Amino acid sequence: MVRAFICVCLLLSALGELRGLSQVSTSAETIAIVGATLIDGSGGAPVRGAVVILKGDEIIAVGRRGSLKVPRGARIIDARGLVLAPGFIDTHNHSGGGFARDPSAATQVSQGITTVLLGQDGGSEYPIAEYLTKLEQSPVAVNVLTMIGHATLRSRVMKSGTNRAATIEEIAEMTKLMEQGMRDGAFGLSSGLEYEVGKRSTTEEVISLARAAGKYQGLYMSHIRDEADLTMEAIAEAIRIGREGQVPAQISHIKLGSAAVWGRAGEVVALVEQARRAGQDVTADCYPYNAWSSTIKVLVPSDRHDDPAAVAKGLADVGGAQNVTIVNCQAHPDYEFKTLAQIAVEKNLGPAELYTQIVKDGGAGIVCHSMKDEDIRAFYQQPWVMVSSDGGIGMRHPRGAGAFPRVLGLFVRERRWLTLSEAVRKMTSLPAKRLGLRDRGLIRRGFKADLVLLDPARVKDNSTFREPHLISDGIAHVFVNGVEVWRQGAVTKAKPGRPLRRDEGGRMKDEK
């Protein structure tokens, strides 16, 4: 008997869950997930035949089958053949505008996403306190965190005059707003320095605001100033902002988006590694597609949209007009889901002339196939790069509905770029650590019950560029704060998600 007890203790200790197992409640609200292969988010080896017991919004016990007694009256989920992982945390998500249409967040929870970080690329809700209060009053299916957008602050302070550098007085006013937003619970500063409102800002302006985020243990996340020919300089600027702002820095949707920089992922990695070796906290996120989504104007960073030479160069930089697909065009809905090259032939126009016409008519949303898989692979194989979608509810890009299953199916099972345990770590504990979420991202006793049950043999993305909202396969059950939000191919319509404030996530003001 003593020997058997010691064996059980050693096993449970290895799982990090020895304490408190005798305190398992027999409440009818208890859920026992039995027989799964446990991938706990740490990057460690899978554990077969696991039992995880939930009560309320917490995990109350973890162990192997046979080492834990399932409480009487518990709802039992037979998870044999499935993998149990922590809920996926998407550090770059744009679902904010879609929650009103779909609070069940079907395209998000069907991927296994349980927590989203909004306010990206320099644009966010503000005031932060009002936004988080609205989420409390009208909850959604997933947990929500937010950044403060640099462009949002510029627009509030500078009004329509953002096409210039900010003055010292304007930076001071933006800093006050930044600090208030951090006190209200935001997780840091985001920038979109490639976009019109942010592109005229100086590096020093952004450093000042990043420093304000760092004062409250926040972070700086950047859609960098150039993701094409000047990528190296833009990466260096983001690193500088983090260093001089004394704040952790994350490069959003890290990519090499033009022909001039294809194959240079090693140089980008070297820049980041140099900073990390010097003691700086620099990370990145990456979505698993070789096509980006943005506005058509980013193709011509000089803003000379009526200059045929500048437009021709912009199109050449991304491999040609055949790589640019219109996905949203209010003035010309008949252009949607056609490439610039196809439309140009139909209209008997040159691609540059067509581009200028579209911009004059109000612009368009585009998807551009201008990245290389070998660069994406190089980024994903870095331990400091996490999975993100850069998607969201209603997005006209397949990443909005398929990003996380695509990594699990294509990159893990088919291409074997990553182990399943490492991919899960990049979706769970790595982003949780980045955000300071001390009770999410791992399967541990006392952690929040954000969980995903998936079939590793079946998980795959189905969304395409023509049908971007198709739901993925292989995600069987998803729990948010202990409540099931996705069950065997359908939302449950439960809305247990919570707005998470910075202090709730563990980034306390006095934390070192």
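Accessible areas here come from the Shrake-Rupley method with a 1.4 Å probe, and for residues only the protein chains shown count as cover. On that basis, the protein chain exposes about 20300 Å², with carbon and sulfur atoms supplying 51% of it. The model is a predicted one, where local features need pLDDT of at least 70 and side-chain atom pairs count only at pLDDT 80 or more, while totals for chains, interfaces and linings use all residues. Residues are numbered from 1 along each chain as its sequence is written, and side-chain values use heavy atoms, with hydrogens and water left out.

Now for the overall picture. The protein chain holds 16 helices and 22 strands; these are DSSP runs numbered from the N terminus, helices being H or I with at least four residues and strands E with at least two. Along its principal axes, the C-alpha trace spans about 85 × 50 × 45 Å. The radius of gyration is 23 Å, which agrees with the value near 24 Å that a compact globule of 512 residues would have. (This radius is taken over C-alpha atoms, and the globule rule is 2.2 Å times the number of residues to the power 0.38.) Of the 512 residues, 60% are buried, where buried means under 20% relative accessible area, exposed means over 50%, and partly exposed is in between, with a 1.4 Å probe and protein chains only. As for contacts, meaning heavy atoms within 4.5 Å, 75% of those between residues at least 6 apart in sequence join residues at least 24 apart.

Helix α4 (residues 150–158) and helix α7 (residues 203–215) have axes that come within 12 Å and cross at roughly 105 degrees. Such axes are lines fitted to C-alpha atoms, for helices over the stretch in contact, and angles run from 0 to 180 degrees between N-to-C directions. On the α4 side the contact is made by His-150, Leu-153 and Arg-154, and on the α7 side by Glu-205, Val-206 and Leu-209. These residues divide into three nonpolar, one polar and two charged; Ala, Val, Leu, Ile, Met, Phe, Trp, Tyr, Cys and Pro count as nonpolar, Asp, Glu, Lys and Arg as charged, and the others, Gly among them, as polar.

Two buried residues come next. Leu-132 sits in helix α3 and, at 0% relative accessibility, counts as buried. Beyond its neighbours within four places in sequence, Leu-132 touches Thr-146, Asp-184, Gly-185, Pro-499 and Arg-501. The C-alpha atoms of Leu-132 and Arg-501 are separated by 8.1 Å, although these residues are 369 apart along the chain. Gly-392, in the loop between β18 (385–387) and α14 (399–414), is buried too, at 2% relative accessibility. Setting aside neighbours within four places, Gly-392 is in contact with Asn-93, His-94, Ser-95, Thr-107, Gln-108 and Gly-400.

Some backbone details turn up in loops. The peptide bond from Tyr-126 to Pro-127 is cis, with omega near 5 degrees, and Pro-127 lies between β7 (113–118) and α3 (128–137). Asp-303, in the loop between β14 (292–295) and α10 (308–317), has a positive phi near 70 degrees and is partly exposed at 27% relative accessibility. Gln-488 has a positive phi near 50 degrees; at 58% relative accessibility, Gln-488 counts as exposed.
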